[in-house]
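Please walk through this protein from its overall fold to its individual side-chain contacts. The account below should be read alongside the model.

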Amino acid sequence: PECLLQALSTSTSDHCPMFLSLGEYLHYVKIFRFEKFWFKLDGFLDVVSEAWVCDPAITDPFHRLDVLLRNTARILAIWGQKRVGNIKLQMAVANLVILQFDYAQENRLLTREERGMRGMLKRLVLGLASLERTISRQRSRISWLREGDANSKLFHLVANGRRMKNYIPAIHVDGQVIIDQAGKEEAFHNAYKAILGRDESQEHTLDLQALGITAVDLSEQDMVFSEEEIWAVVKEMPLDKAPGPDGFIGLFFQKAWEIVKGDLIVALH
């Protein structure tokens, strides 16, 4: 399933060569994702308060905010894992125990304790399944999904289609076809390294007066942001989508506003 077979150009022949790309194990870097259901668990704000600490020697506001977010992400990931654990593993174990009760019921009557335990496990499976769908919806880039729709056939088709669309089987560089993962990473690195950071002088300038463009007063751009303005922007952020690579969603900043607002305001100022 990790291999890819595709047809190449027939060129001057009437035969179509087939290109087989063998699957490679990709070393993914595990990134932090803030889970939407965390704030509903007891002790969420207490964990954020304890994690939102930084070395007093760090005075640069941007560096300080980066350290605070990284430290909070690490602590929340550990806390969330302890509180919830591996959802798929818990569902598999619960289903296995339920299956054993079903087998036993074919030969004898279950005791009241066994029936109670089986009912408890079934409720647990339903809750974990709902939680799993919520996580799948949040991690997808499909913004029009509603709660509970992450288990639909359309969702899986769209999610898998996006995953296949983002996969790059091969790239052409200087007449060569690169198919191995290490080679593709090196090719992309060299390409962007050649583009980014180049300082080139402009050969042409724009005469705004000749174009008849009215000058705009931009003095307000230098004004200091107020807390009300920053809070308004935070409330307009998508609740369950991360606007940046740090993995924190808008819901985190809304729920922990009283804890994080001081460093956010200082950084923006």
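Among contacts between residues at least 6 apart in sequence, 50% join residues at least 24 apart. The model is a predicted one. The protein contains ten helices and four strands, and along the sequence these follow the pattern β-β-α-α-α-α-α-β-β-α-α-α-α-α. Of the 269 residues, 28% are buried. The accessible surface comes to about 20,300 Å², with 56% of that area belonging to carbon and sulfur atoms.

Phe248 gives a local view of the packing: leaving aside residues up to four places away in sequence, Phe248 touches Phe32, Phe34, Leu69, Thr72, Ala73, Leu76, Ala242, Pro243 and Phe253.

Charged pairs come next. The structure holds six salt bridges. One of them links Lys261 and Glu227, with an N to O distance of 3.3 Å. Since Lys261 lies in helix H10 and Glu227 in helix H8, this pair ties together parts that are 34 residues apart in sequence. Glu227 counts as partly exposed because its relative accessibility is 34%. Lys261 also forms a salt bridge with Glu258, where the closest N and O atoms are 3.2 Å apart. Here both residues lie in helix H10, three residues apart, which is about one turn of the helix. Glu258 has 61% relative accessibility and therefore counts as exposed. Through shared partners, the salt bridges join Glu227, Glu258 and Lys261 into one network.

Another salt bridge pairs Glu114 with Arg108, at 3.0 Å between the closest N and O atoms. Is Glu114 buried or exposed? Its relative accessible area is 18%, so Glu114 is buried, the cut-off for buried being under 20%. Arg108, at 39% relative accessibility, counts as partly exposed.

The surface also has a nonpolar feature. Ile168, Phe188, Tyr192, Ile195 and Leu196 make a nonpolar surface patch of about 510 Å². Ile168 sits in the loop between helix H5 (153-166) and strand S3 (171-173).

Note on methods
Residues numbered from 1 in each chain as written. Predicted model: local features only at pLDDT ≥ 70, side-chain atom pairs only at ≥ 80, totals over all residues. Heavy atoms only, no water. Patch = residues over 30% accessible without salt bridge, like charges linked within 9 Å, V, L, I, M, F, W, Y side chains within 5 Å. Areas by Shrake-Rupley, 256 points an atom, 1.4 Å probe, with all protein chains shown as cover. Salt bridge = Lys/Arg side-chain N within 4 Å of Asp/Glu carboxyl O. Helix = DSSP H or I, 4+ residues; strand = E, 2+ residues; numbered from the N terminus. Buried < 20%, exposed > 50% of the residue type's maximum accessible area, 1.4 Å probe, protein only. Contact = heavy atoms within 4.5 Å.
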